[in-house]
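Open the model in your viewer and keep the selection panel at hand. The stops below go from an interface to a pocket and then to a loop.

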Amino acid sequence: MAVPKRKMSRSNTRHRRSQWKAAAVALVSCPQCRSPRRPHTACETCGTYNRRQVIEPSA
Amino acid sequence: MPKPTKGARLGGSPAHERLILANLATQLFQHGRIRTTEAKAKRLRPLAEKLITKAKKGDIHNRRQVLTVVRDKSVVHHLFTEIAPTFAERPGGYTRITKLGPRRGDAAPMAVIELVSEPMNAVRVGRTAPAEAAEAAEQGQTEAPAQESAAQEAPEAAVAESAEAAVPAEGSGETKA
């Protein structure tokens, strides 16, 4: 089985982990209730997509 | 070589996948709309629409073919007698998938797949409106470049005239000096 030959340095570990980044969620404003929602997705606040009621509102 | 089915593989085996899709189709025809994952909804749509097309033909052969997928006879009866007549004028596109975002727990993207119940007239209005808008846009584009070209020609002509006027003036100035 393949095993590491050398210990991974603290620097290499930290450089690798510095690339762990979270991306912000893309949001648009709902045309019905103006609350932020994901694009191409039904609004969780008012339950509409394209001004058509799809689900019951969560709130 | 057979072309692989589009979309995600479901379940652990081909039999399990067929069972999942058959259960989803049965539930869709029973309730009219179901909430499931996006991957399952995307796999279910072509299957459900083919079953509805068979139900629109409505003869005993098509009913037996639907019964090989949807095992529940009462659901098949509901599909042939109540769902299929509502789609009599609709040439396909019987189901609609609306995305709902990630599920709490495993963040699986969820969707609602439903039988389209709106009348066809609304869609026809939608089709004619973009066509008119496109025609209007084309007319606007044809007019706009013509105006722009005319506007561009006019300043160029004015510049040329002024240049011609300036050169003789300089020449005359030199001759005078």
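Contact here means heavy atoms within 4.5 Å. Keep in mind throughout that this is a predicted model.

**Stop 1: the interface**

Select chain A and chain B together. How many residues does each chain bring to the contact? Chain B brings eleven residues, and chain A brings ten residues.

The size of an interface is often given as the accessible area lost when the parts come together. Between chain B and chain A the buried area is about 740 Å², with 55% of it from carbon and sulfur atoms. Now pick B:Thr98, B:Lys99 and B:Leu100: in chain B these lose the most area to chain A, and together they make up 49% of what that side buries.

**Stop 2: polar links across the interface**

The rule finds one salt bridge across the interface of chain B and chain A. As for polar contacts, three residue pairs are counted between chain B and chain A, with both residues at pLDDT 80 or more.

Next, colour chain B by its strands. On the side of chain B that touches chain A, strand 1 (33–37), strand 2 (95–102) and strand 3 (109–115) of chain B each supply at least two residues. Which of the strands gives the most to this side? Strand 2 of chain B does, with six residues. By residue type, the side of chain B that touches chain A holds six charged, three nonpolar and two polar residues.

**Stop 3: the largest pocket**

Move on to the largest pocket, which holds about 450 Å³ of space. To find its centre, select B:Arg18, B:Leu21, B:Arg43, B:Leu47 and B:Val69, the closest to that centre of the 21 residues in the lining. Then show helix 1 (14–31) and helix 2 (38–57) of chain B, the elements that give two or more residues to the lining of the largest pocket. The lining divides into eight charged, seven nonpolar and six polar residues.

**Stop 4: a loop in chain A**

Finish at A:Ala26, in the loop between helix 1 (10–17) and strand 1 (28–29) of chain A. What does A:Ala26 contact, leaving aside its neighbours within four places in sequence? A:Ala26 is in contact with A:Arg37, A:Arg38 and A:Pro39. Draw a distance between the C-alpha atoms of A:Ala26 and A:Arg37: the separation is 8.4 Å, and the two residues are eleven residues apart along the chain.

Methods: Residues numbered from 1 in each chain as written. Chains lettered and ligands numbered in written order. Predicted model: local features only at pLDDT ≥ 70, side-chain atom pairs only at ≥ 80, totals over all residues. Heavy atoms only, no water. Buried area = accessible area lost by both parts, 1.4 Å probe. Salt bridge = Lys/Arg side-chain N within 4 Å of Asp/Glu carboxyl O. Polar contact = N/O pair within 3.5 Å; in protein donor to acceptor, adjacent residues only side chain to side chain. Helix = DSSP H or I, 4+ residues; strand = E, 2+ residues; numbered from the N terminus. Nonpolar A, V, L, I, M, F, W, Y, C, P; charged D, E, K, R; others polar. 1 Å grid on protein atoms, 1.4 Å probe; cavity = no way out; pocket = protein on both sides within 12 Å on 5 of 7 lines; lining within 4 Å. Points joined across faces, edges and corners; volume = space filled by probe spheres on them.
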